[in-house]
Structures are given as structure tokens and as C-alpha cells.
Amino acid sequence: MKDIFISYRRKDAETVAYLLYKDLTKDGYSVFFDHKTLGGGDFRSAIDANVRNAKDIIIILSESSFDEKINSVDDVYRNEIEFALQYGKRIIGIILEDFPGFPENLPDSSSAIRNMNCLKLYIGYYEAMYNRLVSGSFLSMPSNNMQEILPSEEAIKSTIPRELQNLSKLTDS
């Protein structure tokens, strides 16, 4: 099971999708990114299974997100959105600078996407958006990092110079 599924249009959001994949993976998340994790077999079934098994779905909203392809029942991007809505997944939108907004004629099966919580990405501020994404309440904790391991009090004290430890004893009295 992957922590995160990234949905995007290759035409104009692939670079951002790859940056997210790379950074999220580095930070301990298990991420589905089709170029890196999609194996052989039936493409639609694989997408369905990976959306169903992911905790969170990131949908990158770009200029071409809701182009004429969205009206086709075979559109992969539309299928990913519909699967995420159908399975009640936590959906996080990343709005790129060129995103014109949601069209009036969204298919009924995808229209609830308008209600998702989104982050705006100005490419010069990618790092700030990314930090907000991972440190806020947007994403679930990575599955391999569910409990943070803190050092013991003794381990912490061993890193403090002895003079400072003695100093704190004097100020406590």
C-alpha cells in the first residue's frame, strides 16, 4: 500500500509531479508515481487499485487538467479523480499558477472535486508549499514513520557540556 497517489496531466504538470514524488519519497512517504511505480498489466485496473490502496491523493491542477479530455470516460486523469471520490480518499489539490479554475461543465462524477482543500504553488515558492504540505494537516503520516523515536533524557544530557549541566543546577536552587 502506498501512502500517496499523485494524479496529474503529463502535458504540463509532470515536472511538478516528479518533484513531489522525489521529495515525498526522500521524507519517508511511499508514493505512487506512474513513471516510477506502474508495472505491466491492465493500466486502468492498476490505477484503480493504487488509488484504492493509497491513504492520500494529490491532484495537481494545471492549465490542461480539465481540457476536452475530461469529458471522455476513458480519460485517465478523470478516472483517478472519480476513483478517489468513490473511495472517499483524502484529496489534496496543488494549484499551479496557470490553472484557470474549475470549468462549469465538469462531469457529475467528478464535480465534488471543487470542494477539496488546495495549496497554491508559485514555482518560485515550491519549498514553502512543500513544507506546508508535509508539516500541516494535509497529509497522513508516512506508514514507515508512524511513531517518532525520541532520544532518552540521558542521551540528551550527554550532548550538553558538563559546565552547562552544572550551571543549570546552580540556577535551580
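Here is the packing of α3 against α4. From α3, the contact uses Phe43, Arg44, Ile47, Asp48 and Val51. Contact means heavy atoms within 4.5 Å. By type, these residues are six nonpolar, one polar and three charged. Nonpolar covers Ala, Val, Leu, Ile, Met, Phe, Trp, Tyr, Cys and Pro; charged is Asp, Glu, Lys and Arg; the others, Gly among them, are polar.

Now the geometry. Helix α3 spans residues 43-53 and α4 spans residues 76-86. Their axes come within 9 Å and cross at roughly 35 degrees. Axes are lines fitted to C-alpha atoms over the stretch in contact, with angles from 0 to 180 degrees between N-to-C directions. The crossing is right-handed, meaning the near helix is turned clockwise from the far one by less than a right angle. Helices are DSSP runs of H or I, at least four residues, and strands are E, at least two, numbered from the N terminus.

Next, Asp75, in the loop between β3 and α4. Is Asp75 buried or exposed? Asp75 counts as buried, because its relative accessibility is 7%; the cut-off is under 20%, with a 1.4 Å probe and protein chains only. Beyond neighbours within four places in sequence, Asp75 contacts Arg9, Lys69 and Ile70.

Finally, confidence. This is a predicted model: local features need pLDDT of at least 70, side-chain atom pairs 80 or more, while totals for chains, interfaces and linings use all residues. Residues are numbered from 1 along each chain as its sequence is written, and side-chain values use heavy atoms, without hydrogens or water. Mean pLDDT, the predictor's per-residue confidence from 0 to 100, is 85. Strand β3 is highest at 97, and helix α6 lowest at a mean of 54.

Terms used: Buried < 20%, exposed > 50% of the residue type's maximum accessible area, 1.4 Å probe, protein only.
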